[in-house]
Amino acid sequence: MAPTLLLALWALVATLVPGLGLVAPGCDSPPHLWCSSPEIAVACQAEGHCANRSRPSAAPVELSLYYESLCPGCRLFLVQQLFTTWLLLPAEVLNITLVPYGNAQERNVSGRWQFQCQHGPEECLGNMIETCLMHEGQNFSTYFPVIFCMESGSSVTKNLEACLQIYAPQLDRGRIAACVQGDTGAALMHRNAQLTEALDPPHQYVPWVVINGKHTDELQAQAQVSLLGLVCSLYQGEKPEACGGSVARKAPAGCRR
């Protein structure tokens, strides 16, 4: 399910963004890597698009998403709004931070952190896998397509190996598993708990969206209706080609505490 959906989104990006056109026959790289080197840009016929991306004119919009891996509203926002917006916009326009924890609770038992999640142990495992994936992947453009693949599939926790094989085969699944099962993963999740508990105002539900260090009801509503439109309106530099308008939709419900 996830690979098909991701390929469909990439096709949508190629269709909607002027200058990209259809994927060239000699292009075997996904759109988020088309500007990673001059050779790939030429092969994918994206030289004009990449030239526009190379001249940042303002600070990026900073977006932090506080979420939990099995919350239906979180998955919907990540798949339909956040990932699509990230694909459409140049990297210098939007900077994203993911914090998987949400409405979980933690306690220290004999010096080790343990976690209880709103949607049960499976969600705690999903949160931990995605946290360790980010730790091992380091680069956002490496791990975010994998997280998208996991969240858009039928089972978040069982999709990791397939999603890695397709979108990040260079990552070591064994190292991710060791992180999930060991002290590193627990420490990283504790850090996510600290970041979530430090929110001001405190989060009342997830997905909880923070834009440029602020959360308001208005920003949240705009992000859930049209994140692309919101980011385009907030970016102070020259507007990228993807900022051509958005279609208003009803905001989906989240997962309250």
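Tutor: In this predicted model, one aromatic cluster is formed by Phe83, Trp86, Phe140, Tyr143, Phe144 and Phe148. The structure as a whole holds nine aromatic pairs. In the pair of Trp86 and Phe140, the ring centres are 5.7 Å apart and the planes stand at 75 degrees; because this angle is over 60 degrees, the pair is edge-to-face. Trp86 belongs to helix α4 and Phe140 to helix α6 (residues 140-152), so their contact ties together parts that are 54 residues apart in sequence. Trp86 has a relative accessibility of 13% and therefore counts as buried, and Phe140 is buried at 15%.

Phe140 also pairs with Tyr143, again edge-to-face, with 5.3 Å from centre to centre and 75 degrees between the planes. These two residues are three apart in helix α6, so about one helical turn separates them. Tyr143 is buried as well, its relative accessible area being 9%.

β1 pairs in the parallel sense with β2 (residues 94-100) over seven bridges, and Leu63 has Ile96 of β2 as its bridge partner. With strand β6 (residues 208-211), β1 pairs in the antiparallel sense over four bridges; here Trp208 of β6 is the bridge partner of Tyr66.

Methods: Residues numbered from 1 in each chain as written. Predicted model: local features only at pLDDT ≥ 70, side-chain atom pairs only at ≥ 80, totals over all residues. Heavy atoms only, no water. Pairing = 2+ DSSP bridges. Phe/Tyr/Trp six-rings, centres within 6.5 Å; stacked < 30°, edge-to-face > 60°. Buried < 20%, exposed > 50% of the residue type's maximum accessible area, 1.4 Å probe, protein only.
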